[in-house]
Amino acid sequence: MKPLYRNLFLLFGIAAIIVMLCTFDVNYAELYRHLTRAGLYLPAVIGVWIFVYAFNAWAFQIIVNSGTHSKHLSYKHAYKLTVSGFAFSYTTPFGFGGGPYRVMELSSYIGVPRAMSSVVLYSMMHIFSHICLWSTAAVLFAIIYTEKMTPFLWTLFGIFTIVLIVVLFVFHLCYKKGVIVKLFKPLLYLPIAKKWARKFYNEHADDMQKVDDNIAYLHSQPKAFYLSLLSEFVARVINALEYYFILLSLGVSLTFWDAILVLAFSSLIGNILFFLPMQLGAREGGLSLIVKILDLSAPGLGIFTSLYTRVRELVWIFIGVGLVKIGNKKIMHD
């Protein structure tokens, strides 16, 4: 990536951190009081993400290195791109900022089509791992909390299963044949966008097809495909420790399986409302609902959970933005 573009990403990240600090919905005296009450649980919540990002980075490294090129992405650089990429995703609507950052960092080594296909593949795998987590949580809930399963919940689970089958089929097609061209072609028929879309498609059709070919290439390598999916899924499971520590700090008695259910449901609501920066309010709403269902309520649960996660996000956004200017020589080598 050109130094100018990297500096622009850095400035955007700094501006985003300043805006978040200025709009933090807790005054700093109260924030200090809450943080001192948190004790060692807050460092544990922040520290969990060292391991979450470790498995995210491994999945990203596997995907990039399984492409149709001769370059190799080292693990330390995969970790750097992962943390910085998520930092920009957290600070932009629709989580859109992380993808372009990774593409621009990789493209100078493997070209734009291969860089884009790697980033798109990782995004698809990241979403796919969420679907696996939600499916696992649904099965866990039905097994552990059978007594809470009402006809209404069984109906919801049935609908979820049907939707899941359809989604898995769509993902299978996207992995097998690519997704970029299919997503772009509807624009060719939209009255508002068709003039621009047809011009763009005529100029870049070959590059878009190369991206799809590279996406399909990973699907032809089962070992790399399933290893990257497993790594992403393990990251999701480790992420449950965040809620486990938060709820323990509030004196809530729970199991790790309960923490997985809390994570799955709150992340489901957060991803449904993915267009909100940092998923403001979405996860808290999902959290409030699931803890009531599981009878895990505690005084100040919503406030403390929101506080812990916001502080954790700010810390890792700060780290991710700082890494933009560090370790940029030879991100990939032969």
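**Note on the predicted model**

1. In α7, the buried residues are Leu-153, Leu-164, Phe-171, Cys-174 and Tyr-175; buried here denotes under 20% relative accessible area, exposed over 50%, and partly exposed the range in between, with a 1.4 Å probe and protein chains only. Helices (H or I, at least four residues) and strands (E, at least two) are DSSP runs, numbered from the N terminus. The buried residues of α7 pack against α6 (112–144), α9 (194–219) and α10 (222–249). The 27 residues of α7 (residues 151–177) should span 39 Å at 1.5 Å a residue, and the end C-alpha atoms are 39 Å apart, which agrees; the expected span is 1.5 Å times one less than the number of residues. Gly-178, with a positive phi near 90°, follows α7.

2. The model is predicted, so local features need pLDDT of at least 70 and side-chain atom pairs count only at pLDDT 80 or more, while totals for chains, interfaces and linings use all residues. Residues are numbered from 1 along each chain as its sequence is written, and side-chain values use heavy atoms, with hydrogens and water left out.

3. The protein chain holds 13 helices and two strands. Of its 334 residues, 49% are buried. Among contacts between residues at least 6 apart in sequence, 75% join residues at least 24 apart; a contact means heavy atoms within 4.5 Å.

4. Helix α4 (residues 75–90) includes His-77. Of the 16 residues of α4, 14 are buried, so this helix is largely enclosed by the rest of the structure. His-77 counts as buried because its relative accessibility is 7%. Neighbours within four places in sequence aside, His-77 is in contact with Gly-327, Lys-329, Lys-330 and Ile-331.

5. Phe-96 belongs to the loop between α4 and α5. Is this residue buried or exposed? At 59% relative accessibility, Phe-96 counts as exposed. The C-alpha atoms of Phe-96 and Gly-85 are 9.6 Å apart in space, and the two residues are eleven apart in sequence.

6. Helix α5 (residues 98–110) has 13 residues and reaches 18 Å from its first C-alpha to its last, close to the 18 Å expected at 1.5 Å a residue. A kink of about 25° is centred on Met-104, where the bend at a residue is the angle between axes fitted to the seven residues ending there and the seven starting there. Buried residues of α5 include Tyr-101, Val-103, Leu-106 and Ile-110. Gly-111 comes after α5 and has a positive phi, near 85°.

7. Ile-110 lies in α5 and, at 5% relative accessibility, counts as buried. Leaving aside neighbours within four places in sequence, Ile-110 is in contact with His-69, Lys-71, Ala-115, Ser-118 and Met-332. Ile-110 and Ser-70 are 40 residues apart in sequence, yet 8.4 Å apart in space, C-alpha to C-alpha.

8. Which residues have the most contacts inside the largest nonpolar core? They are Leu-73 and Leu-106, in a core of 93 residues. Helix α3 (residues 41–65) provides the largest share of this core, 14 residues. A nonpolar core is a set of buried Ala, Val, Leu, Ile, Met, Phe, Trp, Tyr and Cys residues joined through side-chain atoms within 4.5 Å. Beyond its neighbours within four places in sequence, Leu-73 is in contact with residues including Phe-60, Val-64, Ala-78, Leu-106 and Met-332.

9. Ser-228 is found in helix α10 and counts as buried, at 0% relative accessibility. Not counting residues up to four places away in sequence, Ser-228 touches Ala-59, Ile-62, Ile-63 and Met-125. Between Ser-228 and Ile-62 there is a C-alpha to C-alpha distance of 6.2 Å, although the two are 166 residues apart in sequence.
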